[in-house]
Amino acid sequence: MEPFHIHIFVCTQQKPEGVPSCSANGSLALLGALDREIQAHGLVNEVQLTTCGCMGLCDEGPVMVVYPEGVWYRRVQPSDIPEIVSRHLCSGMPVDRLIWKDASAMKAMAVEHGERFRQAAAAREKAGVLPDRLNEMTRGFMPSRCILTALELDIFTAVGDGANAEQIGARIHANTRATEILLNALVALGLLSKSGNKYKNTPETAQFFVQGSKDNHRDGLLHTANLWYRWSTLTETVRRGTRIPVTGAGSAEWIANFIAGMQRNAKDRAPLVAKALGTAGVRHILDLGGGSGAYAIAFAKASPNVHCEILDLPEVVTLTSEYISKAGVSAQVSVRAGDMLNDNFGFGYDIIMLNAICHMFSAEQNLDIFRRARLALAPNGRLVVQDFILNPDKAGPQHAALFSVNMLVGTDAGATYNEAEYAGWMKAAGFTEIHRIKLTGPSDLIVGQVK
């Protein structure tokens, strides 16, 4: 059975630096070029493009195989792709100059590669060499710290249309030698390019990290830079059992970066939540800890009949109002300064939302919020929790387990929780209809209702 007329495999196996591989020779760029050209020729429904692991022909990479003919191409460059697509995929005429036709040599190379790999693996195991996976995890902070420092210093904006280390250092008020070392590391990480002594942004960094660009994410990512300082206290936090105060936390800049980070995470997700819950019969929504207002904005845009109220801290709601104004929904979304742990919620709401909120609080605090939310809902109203949901044993999924650590270093008693815990709090608060709505991505909805 062939569900697609043509099936292409491209090796994208990552290997240690210095080891020959298709990825080191540019297979990811090749993959991108293939995808773009396939779309341009209207072949998306005819061609299945698949990445794969090592084919054992690393010295000849990038390698790609086209089926059903079983044509093996080697040393393919992005510049070759238009010819391959137009001639081979569209006209059925393989590009001879790129085909590796010596099947015996291919098999011999692949067999030899496999044997070398097995021998090397056996030798490493016998010598007790630290596995690459563990080594990469323990050193994973290095590239992270480089990019976070670059964002904090606003290096990508300083690079502009191209500049040398001395010019960039002057623009960010930093030492030239140190700036050059960091710039070279960013080049090695594929975040900048270098020609002579001149550095330039890549298309990605120009799009996402430069101030003034349409898709600039720098402000939101500075929240991740702030998390670095909290995570550096993890060892002592585990000893003490609660977070360690961090200089700068709670400042106006810190809060602005946090809200920008939450907006970055929520702006695409919010319409999915609005769609999953629906707006039929919904008139009044209370968004507890609504932050940037992304979810309230999504509901307002989904229906002109919905009015949303956001309750958040006084230092947040000023920022919230700016996001609401920019979205053009000020007539439907209002803000109220307050503290959800202590203030009265009001009454008559069709939906009360807790989007990425419950992980900040203890089990006792969440139960109290649920009880007060129950009293604030209209008949048949719904309490909606969106959050990372742990597996029953709390040992996964990975993103949720790691986020629980994030709450350990960042809050007094917060954590991520599993479905049974959320359901238990909802039952204790008086909700009788409780169900989970799975969403695409890392978080789901837990919905409680009284009928």
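Guide: Helix α16, which spans residues 363–376, lies across β7 (284–288), β10 (349–355) and β11, and runs at about 145° to β11; helices (H or I, at least four residues) and strands (E, at least two) are DSSP runs numbered from the N terminus, contact means heavy atoms within 4.5 Å, and angles, from 0 to 180 degrees, are taken between N-to-C directions of lines fitted to C-alpha atoms, for helices over the stretch in contact. The model is predicted, with local features needing pLDDT of at least 70 and side-chain atom pairs counting only at pLDDT 80 or more, while totals for chains, interfaces and linings use all residues. Residues are numbered from 1 along each chain as its sequence is written, and side-chain values use heavy atoms, leaving out hydrogens and water.

The open sheet has 7 strands in the order β9-β8-β7-β10-β11-β15-β14, with mixed pairing, where two strands pair if DSSP finds at least two bridges between them. Its edge strands, β9 (333–337) and β14 (433–437), each pair on one side only, and the twist averages 20° from one strand to the next. Helix α13 (residues 270–277) also packs on the sheet, touching β11 (377–387), β14 and β15 (444–449), and its direction makes about 35° with that of β15.

Within strand β10 lies N355, which is buried (under 20% relative accessible area, with a 1.4 Å probe and protein chains only), because its relative accessible area is 6%. N355 touches D287, Y295 and Q386, not counting residues up to four places away in sequence.

Terms used. Buried < 20%, exposed > 50% of the residue type's maximum accessible area, 1.4 Å probe, protein only.
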